[in-house]
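Thanks for coming. I will take a few minutes to walk through one structure, and I will keep to what can be read from it.

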Amino acid sequence: MTTPLHADPLLDPLFTTAEAADAFSPCARLQGMLDFEAALARAEAAVGVIPASAVPAIAAACDAALYDADALGAEAALAGNTAIPLVKHLTRKVKEADEDAARFVHWGATSQDAMDSGLMLQLRRFLDGLERDAAALANGLAALADRHRDTPMVARTWLQHALPTSFGLKAAVWLDALGRDRERLAAARGRLALQFGGAAGTLAALGSAGPAVTAALAGELALPLPALPWHASRDRVTELAGALGILAGTLGTIGRDVSLMMQMEVGEAFEPSGPGRGGSSTMPHKRNPVSCAVLLSTAVRAPALVGGLLAAQVQEHERGLGGWHAEWQALPDLARLVAGATRHAVGLIDGLTVDAARMRSNLEMTRGLILAEAVTMALGEAMGRLAAHARVAEASRRAIADQRPLRDLLAEDAEIVAALGLDGLDRLFDPLNYIGSAGHFIDRALAHHAAQT
């Protein structure tokens, strides 16, 4: 085999994983089709459609290392797909060993059968690796959520200080979304099935043996047996693409949040550091969010790829023109990107540095204003919500104007002190006393995660 035509040694290590790149390499694409051809021969021999004597020569020739990807690619540019020249080369290779066996290569199949079924094998291999990384990421997030369930921090809405929350809850929110992503991927994977329909989806060339061969072939490849061929019904592909695109969005959300927390002005959490990681070519002090950049770039690029695959779902009659072809590079590109982002996310979360003291300091940045709602709700029990709101709002305006802590101003109001007490005010200005049901929500996310493992 020659060097993969589309490998990029400069960028692939940043944006994908070696396993994903290998799953969609030219060699893997060829081997997937060849695995289909070998399994087809075994299935047809088992059913009695072709002689069993033809199987050894066909199976022996179904090794991607025996074929020149460059030559096949050049011929595919004229033929319209890679399976057509591959079947010709395979037939010649079989003929060199057994001329009679060569007559039964690709018997009753069509090029799309080989390409789609080969793709299913590639996707199965790819999804094994992606699920391992997604599971590792989920474990990391679960540990983070549990470890920081009582680490208070600022909750931000519209990028502004809102109320206290806990960093554990933030991690649990990421974990919960990832859990749904894994469920979507599992559901999409469960519908990746054998493709075998012959020239027009009827298996007419096999006569009455079509269903038996199909069942045997599905067993040989360990692929689900579909109700019928799906040449022009591409929902299986688009369902998986959609699940990958949504996962890219989840990863992008993690990347966005961590990168914002990593800003020096915020300084609440940081990517792992190490020699050569996140540096600048000119500024020695820089600690750039490298993994966050990959997560965000994937979230930017994935929607266009998903959109293209959704557009390609509309295909004509029994086998489509152009739409099917549009999948060949878009789906592997999407898969490689999402695999790379997931792997980066694993390292990001496992090595994340959390500055709990800075989180607490940022909570105190507004001198207690972030807990104005807590005081209003408590005071409302004594004087009514509207009156309490007006009283705390006025104190908040004075706190801002005088640059004084809100708690001190409220402590100067005799009516408020009578209603709440100084000890009560102190309790209200402890952010951990105003994170509501955060602990309950964390427990629910952890329970759901435990059920998935």
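Let me start at one residue: Glu239 counts as partly exposed, at 25% relative accessibility. Please keep in mind that this is a predicted model.

What does Glu239 pair with? Its side chain meets that of Arg191 in a salt bridge, with N to O at 2.5 Å. Glu239 sits in helix α10, while Arg191 sits in the loop between α8 and α9 (210-221), so this pair ties together parts 48 residues apart in sequence. Arg191 also counts as partly exposed, at 42% relative accessibility.

Now the whole chain. How many helices and strands are there in the protein chain? There are 19 helices and four strands. The radius of gyration is 30 Å, well over the 22 Å that the globule rule gives for 453 residues, so the chain is more spread out than a compact globule. Along the principal axes, the C-alpha atoms fill a box of roughly 105 × 50 × 35 Å. Of the 453 residues, 47% are buried.

Back to helix α10, which brings us to a pocket. The second largest pocket has a volume of about 360 Å³. Which elements each supply at least two residues of its lining? They are β1 (152-157), β2 (160-166), α8 (167-190) and α10 (235-262). Strand β1 gives the most, with five residues. The lining has 18 residues, and those nearest the pocket centre are Arg156, Lys170, Asp257, Leu260 and Met261. Sorted by class, the lining comes to 11 nonpolar, four polar and three charged residues.

Two of the residues nearest the centre, Lys170 and Asp257, also form a salt bridge with each other, where the closest N and O atoms are 3.6 Å apart. This pair links distant parts of the chain, with Asp257 in helix α10 and Lys170 in helix α8, 87 residues apart.

How many salt bridges does the structure hold in total? The number is 23. Glu394 counts as partly exposed, at 37% relative accessibility. Elsewhere, Glu19, Asp133 and Arg343 are linked in a network of salt bridges.

One item comes from a record. An unreviewed UniProt entry carries the annotation "domain: Adenylosuccinate lyase C-terminal" for residues 367-446. In the model, that span is 74% helix and 0% strand, and its end C-alpha atoms lie 34 Å apart.

To recap, the Glu239 and Arg191 pair joins helix α10 to the loop between α8 and α9, and the Asp257 and Lys170 pair joins helix α10 to helix α8. Both of those helices also supply residues to the lining of the second largest pocket. That is where I will stop.

Note on methods:
Residues are numbered from 1 along each chain as its sequence is written. This is a predicted model: local features need pLDDT of at least 70, side-chain atom pairs count only at pLDDT 80 or more; totals for chains, interfaces and linings use all residues. Side-chain values use heavy atoms; hydrogens and water are left out. UniProt positions are given in the numbering used here, feature names are shortened, and annotations may be inferred rather than shown by experiment. On a 1 Å grid over the protein atoms alone, a cavity is a set of points where a 1.4 Å probe fits but cannot get out, and a pocket is an open set with protein on both sides within 12 Å along at least five of seven lines; lining residues have an atom within 4 Å of a point. Grid points are joined across faces, edges and corners, and a volume is the space filled by probe spheres set on the points. Ala, Val, Leu, Ile, Met, Phe, Trp, Tyr, Cys and Pro count as nonpolar, Asp, Glu, Lys and Arg as charged, and the others, Gly among them, as polar. A salt bridge is a side-chain nitrogen of Lys or Arg within 4 Å of a carboxyl oxygen of Asp or Glu. Buried means under 20% relative accessible area, exposed over 50%, partly exposed in between (1.4 Å probe, protein chains only). The radius of gyration is taken over C-alpha atoms; the globule rule is 2.2 Å times the number of residues to the power 0.38.
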